[in-house]
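Please keep the sequence and the model in view while reading.

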Amino acid sequence: MARFGMVIDTVKCVGCMDCVVACKTENGVPEGFNRDWITQDVTGRNPSLHMEIRSERCNQCENPPCVYCCPTGASHVHEIGGVVLVEHNMCIGCKACLASCPYDARFIHPDGYADKCTFCIHRVEKSIDPACVSVCPTHCMTFGDLEDPNSPVSKLLASRKYHTLIPEAGTKPHIYYLV
Amino acid sequence: MHELTTTRHNELVDPVLHIWGWEIPVYLFIGGLVAGIMIISGYFTLKGQFKKNPFSSFYLPHVSLILLSLGMFSLFLDLEHKLYVWRLYTTFKIASPMSWGAWILILVYPALFLNTLIRIPDRFKGVVPIFDRLSARINEHPFLIKNIGVLNILLGILLGMYTGVLLSSIGARPLWNSAMLWMLFLVSGLSSAAAFVHMIARDKYERQLLAKADNAFLTLEIFVIGGFISGLLTSTSVHIEAAKLLLNGPYAAVFWVFVIGLGIIIPLFLQLLAVNEKVKHTALPPLLVLSGGLILRFVIVYAGQYSHYMHQALSR
């Protein structure tokens, strides 16, 4: 069974925000909201500073608290690739999923339902990469099946050092950042 | 140095999560108050002490039906997709405390209603004949009255626990992620309910009894808050940072002054004097207890949303 994930090379990412614009255009994300965003993470002590630029979004967790806490089943794990999705017509807008996400990756759509990155499942079902991956000018983002050892994402994870975000939250995120 | 700069600015989420406004703390307070009322009223019903405690046994269930409806209305106001609220009752999600709560609330109404039928106030007698007949039938069978008492106690405990579990199950917010929270909200609910009776009941024996009970609940609440804070302080660094929000952070002033000082210590002192007949019973201590209970919910809900894995990693 497929398990979709994304590998993002932080060495290549320049924070151009093409992925953000592509997502908003592809998914009609309303003005003032973001399903994905750019984070600059600066660590160290001057003059030895290190900056990591990351394209962030819903981490499509294997252990998704947003799904567990949902009282109506609107937040669910899709049968294809284990992608976490929200069924808009089942969401009551209680915001429990927003509270339970350690990445604050969800928001309330102006129409009242919880919204977030879907890995562009409508494209993926047609074997097309998510919009953010397709437009990236530095090709820093790779999408694929983590269960397939021959997929590009698995090969990257086997050959490079990487980290995930807030692993201590125990959600088993499936967005990996190459360092 | 560790500095994060993000381009994200989603409403209600950035810069600090604030998805739940006044509606949820008010709902949690009223839910806890009704839970306490059910336990107290159910206990007197079970023990056959309803004649000694007329307000707790005969009027409190009526009041709590109204209170619970207000609480549920407050919860409804918080929903962003209001017209889909019925979706709560098309499924039961065992892992979701909110789903549990929705169904518990459905069970609480009939239990409270049965409690009101044990004695219908004189002014309402004859208004709905079927209720009078049901009331007569219940009073013919003392075991039915005892079962109604047990049902109210059990559902009251479940309702009071649920208001805490709702928050403590959310692991992403370190302040809420404590197994003591359900106990804190349950004890606070009991204390608020005892204070409510103390404030409104006219019978001297009942006021004295509930003031004594409230003193016990307030004392217990101090220990539970101590356990809650020490549990956080002995946990991971994000939990320690979360505890500091209450101890010396942005929520410390409200927590120490309005929750601990004016909400617990001062009314406990005044009520101890009152039950020992050093001063007269007044409405001031119960009013302080009720205000403290409400402010406790506000502090916990707001500070909990402020607490975060990412922010606290940065503040170190």
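The term pLDDT denotes the predictor's confidence in each residue, from 0 to 100. In this predicted model, local features need pLDDT of at least 70 and side-chain atom pairs count only at pLDDT 80 or more, whereas totals for chains, interfaces and linings use all residues. Residues are numbered from 1 along each chain as its sequence is written, and chains are lettered from A in the order in which they are written. Chain B averages a pLDDT of 92, and 98% of its residues score at least 70. For the complex, the predictor gives an ipTM of 0.93 and a pTM of 0.94.

Helices (H or I, at least four residues) and strands (E, at least two) are DSSP runs, numbered from the N terminus. Strands pair if DSSP finds at least two bridges between them. An open, antiparallel sheet has the strand order β3(A)-β2(A)-β1(B). Both β3 of chain A and β1 of chain B stand at the edges with a single partner strand each, so one side of each has no neighbour in the sheet. Strands β2(A) and β3(A) are joined by 10 bridges; Trp37(A) has Glu56(A) in β3(A) as its bridge partner.

| Strand | Residues |
|---|---|
| β2 of chain A | residues 36–45 |
| β3 of chain A | residues 48–57 |
| β1 of chain B | residues 2–6 |

Val197(B) touches residues including Ile40(B), Phe55(B) and Leu210(B), not counting residues up to four places away in sequence; contact requires C-beta atoms, placed from the backbone, within 7 Å.

How values were computed: Contact = placed C-beta atoms within 7 Å.
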